[in-house]
Amino acid sequence: MARTTPPASPKLAKAPRAIRIIGGQWRRTRLAVADKPGLRPTPDRVRETLFNWLASLASAGGGELPGWHCIDAFAGTGALGLEAASRGAASVLLCEQDAALVAQLQTLKTKLAAEAVQIERGNGVTALERAPAGSAHAVFLDPPFENAALYEPALRAAARALQPGGVIYLEAARRWSDEELAALGLAAYRYLKAGAVHAHLLILATDSTA
């Protein structure tokens, strides 16, 4: 999850102290939410809906994502990437800039014996640009809400990393228009709004016309 400066809206002003993995082998595992200004975990309702969408696309039953390769580019608590790993993803890259959050993720990886999870400290856009083109089944993008300039390069890099039939999850403070997405080679597949969070599931524009 991305970190943001706490906004005025009470819906995002206070994060829970812990959240839980929803499904898979680590179901109900608690993930601590560090006491950092603006750390913003994706709401439970949104995560549950997102992974229902992904499980439907995977067509594997039981909410599983077998064999998927995923990148959580702004990992924060790691909730999105670890949820994917819990559900059987073959590989998950968690990228996070904050050293304390990286250490927390490393501790959790060891505790869970999460061999499919790789943790990297660094810039999420750079990590996506280094990923082999067409290699990812799913890319999770949850950049800081206040850093609007980060969204377009993150989306461009994610689109390049995505394989045909893959998806990008985008969490933002506003809804992205079809025109904005088309300019990046993307199209909206699913959308929901929960409080101040706008959750998008995106596909490559070429997939939308296939």
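A salt bridge is a side-chain nitrogen of Lys or Arg within 4 Å of a carboxyl oxygen of Asp or Glu. The model used here is predicted: local features need pLDDT of at least 70, side-chain atom pairs count only at pLDDT 80 or more, and totals for chains, interfaces and linings use all residues. Residues are numbered from 1 along each chain as its sequence is written, and side-chain values use heavy atoms, with hydrogens and water left out.

**Exercise 1. Describe the salt bridge between aspartate 44 and arginine 47, and classify the exposure of each residue.**

Step 1. Take the distance. The closest N and O atoms of aspartate 44 and arginine 47 are 2.4 Å apart.

Step 2. Helices here are DSSP runs of H or I with at least four residues, strands are E runs of at least two, and both are numbered from the N terminus.

Step 3. Apply the exposure classes. Buried means under 20% relative accessible area, exposed over 50%, and partly exposed in between, with a 1.4 Å probe and protein chains only. Aspartate 44 has 45%, so aspartate 44 is partly exposed. Arginine 47 has 1%, so arginine 47 is buried.

**Exercise 2. Which parts of the chain does the salt bridge of arginine 130 and glutamate 120 link?**

Step 1. Confirm the bridge. The closest N and O atoms of arginine 130 and glutamate 120 are 2.4 Å apart.

Step 2. Locate the ends. Arginine 130 is in helix H5 (residues 124-130) and glutamate 120 in strand S5 (residues 117-121). They are 10 residues apart, and the pair links distant parts of the chain.

Step 3. Compare exposure. Arginine 130 is exposed at 52%, whereas glutamate 120 is buried at 18%.

**Exercise 3. Where is glutamate 83, and is it buried or exposed?**

Step 1. Glutamate 83 is found in helix H3.

Step 2. Its relative accessible area is 0%, so glutamate 83 is buried.

Step 3. List contacts, meaning heavy atoms within 4.5 Å. Leaving aside neighbours within four places in sequence, the contacts of glutamate 83 include Arg47 and Phe51.

**Exercise 4. Trace the strand pairing around S3.**

Step 1. Two strands pair if DSSP finds at least two bridges between them. S3 (residues 69-72) and S4 (residues 91-96) run parallel, joined by four bridges. Histidine 69 has serine 91 as its bridge partner in S4.

Step 2. Turn to S6 (residues 136-141). S3 pairs with S6 in the parallel sense over three bridges. Aspartate 72 has phenylalanine 140 as its bridge partner in S6.
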